[in-house]
Amino acid sequence: MKSIIKAKRVYGKNLYLRDIIEDDARFVLDLRTNPEKNRYLSATLGRLQDQVNWIVNYKSKNDQAYFIVCDKDGNKLGCIRMYDPIDDGYCWGSWLMINGLSPLVAIESALLIYAYGKYLGFNEARIDVRQANEYVWKFHEKFSSAVLVKQDDIDRYYVVSKEKIEMLLAKYSDFLSNPLLIETL
């Protein structure tokens, strides 16, 4: 089974993904407790120390990569996470962005996750989206040709195949460096 390896940074054309640190706790908590954004998330108590503790615990494990999405100047724009490696695939989500960004930020951050997954040797990506979060699941269906594989009253479950990822990375190659630039921890 393949594993998710944390990276210090993964660089795109206009953005980079940076491994989360304890100092990011307030930023992530503000995103997670924003009423516009949190209606599709698992519940949080909204305590800063809980978020700091989560990050400290994350640092001690090797089953996921949690990134802060930054612009070239280091400004924090959002967060995104890879987790749950199973066989040849991984899940990605926890994808939250500050308000007022260009849609290109969403596109480039998604491409960076797909490119990093490919770099790690994964062949497919899984995505779980709340049924009510229609904007996001339509994005995945249109942008990455995600295939709905099951759904229940709460969630929609998608898979993006290796072929779809390859096509996506080729189509939007201008958003990425070639080869992918990665700073290891």
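1. Basis. This is a predicted model, in which local features need pLDDT of at least 70, side-chain atom pairs count only at pLDDT 80 or more, and totals for chains, interfaces and linings use all residues. Residues are numbered from 1 along each chain as its sequence is written, and side-chain values use heavy atoms, with hydrogens and water left out.

2. Cysteines. A disulfide is a pair of cysteine sulfur atoms within 2.5 Å. By this rule there are zero disulfides. Cys70 is in none; its nearest cysteine sulfur belongs to Cys79, 11 Å away. That separation is too far for a bond. Cys70 is buried at a relative accessible area of 0%, and Cys79 is buried at 0% too. (Buried means under 20% relative accessible area, exposed over 50%, partly exposed in between; 1.4 Å probe, protein chains only.)

3. Helix H2. Helices (H or I, at least four residues) and strands (E, at least two) are DSSP runs, numbered from the N terminus. H2 covers residues 48-59, 12 residues in total. From first to last C-alpha it reaches 17 Å, close to the 16 Å expected at 1.5 Å a residue. The expected span is 1.5 Å times one less than the number of residues.

4. The buried face of H2. Gln51, Val52, Ile55 and Tyr58 are the buried residues of H2. Down the helix axis they fall within an arc of 120°, so they line one face. The arc is taken from the directions from the axis to the C-beta atoms. These residues pack against strand E2 (15-19), helix H1 (25-32) and strand E3 (64-71), with contact meaning heavy atoms within 4.5 Å.

5. Aromatic pairs. Rings of Phe, Tyr and Trp (its six-membered ring) pair if their centres lie within 6.5 Å; planes under 30 degrees apart count as stacked, over 60 as edge-to-face, the rest as tilted. The structure holds 13 such pairs. In one, Trp54 and Tyr58 have ring centres 5.8 Å apart and planes at 5°, so they are stacked. Both lie in H2, four residues apart, about one turn. Trp54 is partly exposed at 31%, while Tyr58 is buried at 1%.

6. Cluster and charges. Trp92, Trp95, Tyr114, Phe139, Phe143, Tyr172 and Phe175 form one aromatic cluster. The charged end of Lys6 sits over the ring of Tyr58, 4.4 Å from its centre. That of Arg156 sits over the ring of Trp137, at 3.6 Å. The rule requires NZ of Lys or CZ of Arg within 6 Å of the ring centre and within 35 degrees of the ring normal.
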